[in-house]
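Work through the exercises below with the model open. Each task is followed by a stepwise solution.

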Amino acid sequence: MISGFLLALPGALLPLWGFHIQNDYGTAGNFFLVLGLGVIAGGIAGQRLTRRAPLARLLSGGYFAAALALLMLAVAAPPAQAWYQSLALFVTGMAAGMMNTAVLEAVTPCYESNPAAITLTGGIFFGAGSVLAALLLAQSFGDDGATRLLAVTAVLPAMGGIFAGMLRIDLRPTDPGKAPEVSLTQSMADLRSPLAIMFALLLFFQFANEWSIAGWLPILLIDRLGLSPSTAVTLLALYWAALMVGRIIAARLLRVFRHGKILGISAFCALFGCAALLAAGSRFGVVVGLLLTGAGFSAIYPLVAERIASRFSYYHPGYFNGIFTFALTGGILAPFALGHLAASTGLHMIPLAVMAGSCAVFALVLLIWLGHKVSGH
C-alpha cells in the first residue's frame, strides 16, 4: 500500500509543481525516468540484501527510505530546482523498489500455490495506496497544504519501519529467506522462445499503458478540457480506484470463469476504454473512459504473471528474470518518452500512444491464445 502511495505521487505532483503552466514536458518526462531508475536500483539492492540480512530488516529499511522520500518531496515544490526534485523522486523509487522486493520475497510460498490470486491481492493494496495519494494531493492545491501533508504522512512509514524491525519472517523451515538461484544465461535464454517473447512484449506494453495514463492524465485533462488541477488529480484517483475495484471483481471471477477468457475480455475492455478516453470531449466521457480502461487493465498483469509461472517453473515474484525486467522497462520508458514526444508534438499524442499500446496488448493476447490452441497446451 505504501509502495502504491509512493509510485502514484509523480502524476499528482506535476500539476502541483506547475507543469500544466510552464509546459516543460521534457523535464517532467525525465522525472519518470529517474523514478524508474530508483525502482530498479532499489530492487537490485534489495535482492543482494536478502542474501545477507533478514527480510524484516530489508522491509524496515524500505519503510525508513519511504519516510525520507516523503520528507524530501515535502520541500520539492517550486522554487525548488529540478535536480532536487529528481533526487527526491529517485529516493522515492528506491524506497518502493526495496519494499517491493521484501514483500514479494516474503509471499513466495503463497504465490507458488495461487499466482493470480496473490498478485491480484497485492494489486488491490497497491491500488488503495495510489488512490489515497491522488485524493490527498487533490485537496492540497491553492495553499501550502501539500507540503504539510507529505511531511505528516512521513510519520506512518517511519512507524512502520520501527515495527517491521521487530518482525520475524520465515519463508520455509528448510530454506528461510533464500531465493532460488537462476543464472542470467538461463533467464536470458527464455527470451529466445516465441511464447516468452510474446509474454514479454505483452507485459512491456501493459506496463507502458498503465503508467502512461497514471503519469500524464492530470496534465492532459487540464490542457484538453480546461479542468482545475484539483479536479484533474481527483480523476486520477478515479483511474486508480477503477484499477483497484477491477482487481477485486477479477479475484472473484477467477473462481467462476476460465482465466484465458477473463484475459481476453480485459484486453478488449481496456482497448474500448482507451478509445472512449481518446474521443471524450466532456467530463462524463472522461469518467466513462477511465472506468473502462482501469477495469480492463486491472486483471491483465496478474493473469499473464500466472501463465508465466506455469510456463517457467523457476519464476517467482522475488526474482526479476529476463522477461519481467524487459516488461518493467515499459512502465519506465513510456511516460519518459511520451514527455519528450509531447514537448515537440503536443499532449494529444499521449492518448494516441496508449490506444496503440492497447491494440498491441489485445493482439498479443490473441496470439498467445492461438499459440496455446495450436500447441494443445
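**Exercise 1. Determine the handedness with which α4 passes α6, then describe the packing.**

Step 1. Helix α4 covers residues 25-50 and helix α6 residues 82-106; their axes come within 6 Å and cross at roughly 35°. Axes are lines fitted to C-alpha atoms over the stretch in contact, with angles from 0 to 180 degrees between N-to-C directions.

Step 2. Sort the contact of α4 with α6 by class: 11 nonpolar, 13 polar and no charged residues. Ala, Val, Leu, Ile, Met, Phe, Trp, Tyr, Cys and Pro count as nonpolar, Asp, Glu, Lys and Arg as charged, and the others, Gly among them, as polar.

A note on the source: this is a predicted model, where local features need pLDDT of at least 70, side-chain atom pairs count only at pLDDT 80 or more, and totals for chains, interfaces and linings use all residues. Residues are numbered from 1 along each chain as its sequence is written, and side-chain values use heavy atoms, without hydrogens and water.

**Exercise 2. Describe how α5 and α10 pack.**

Step 1. The axes of α5 (residues 55-74) and α10 (residues 155-164) come within 8 Å and cross at roughly 165°.

Step 2. The two helices are therefore roughly antiparallel, a label for angles over 145 degrees.

Step 3. The crossing of α5 and α10 is left-handed. Contact (heavy atoms within 4.5 Å) involves, among others, L59, Y63 and F64 of α5 and P157, G160 and I162 of α10.

Step 4. The residues of this contact comprise 11 nonpolar, 3 polar and no charged.

**Exercise 3. Is L364 buried or exposed, and which residues does L364 touch?**

Step 1. L364 lies in helix α18, residues 349-375.

Step 2. L364 has 8% relative accessibility, so L364 counts as buried; the cut-off is under 20% relative accessible area, with exposed over 50% and partly exposed in between (1.4 Å probe, protein chains only).

Step 3. Beyond its neighbours within four places in sequence, L364 contacts M198, L201, L202 and F205.

Step 4. A200 is 164 residues from L364 in sequence, yet their C-alpha atoms are 10.0 Å apart.

**Exercise 4. What span should helix α15 have?**

Step 1. α15 has 16 residues (283-298), so at 1.5 Å a residue the span should be 22 Å. The rule is 1.5 Å times one less than the number of residues.

Step 2. The end C-alpha atoms of α15 are 22 Å apart, which agrees.

Conventions
Helices (H or I, at least four residues) and strands (E, at least two) are DSSP runs, numbered from the N terminus. Angles under 35 degrees count as roughly parallel, over 145 as roughly antiparallel, 65 to 115 as roughly perpendicular and the rest as oblique. A crossing is left-handed if the near helix is turned anticlockwise from the far one by less than a right angle, and right-handed if clockwise.
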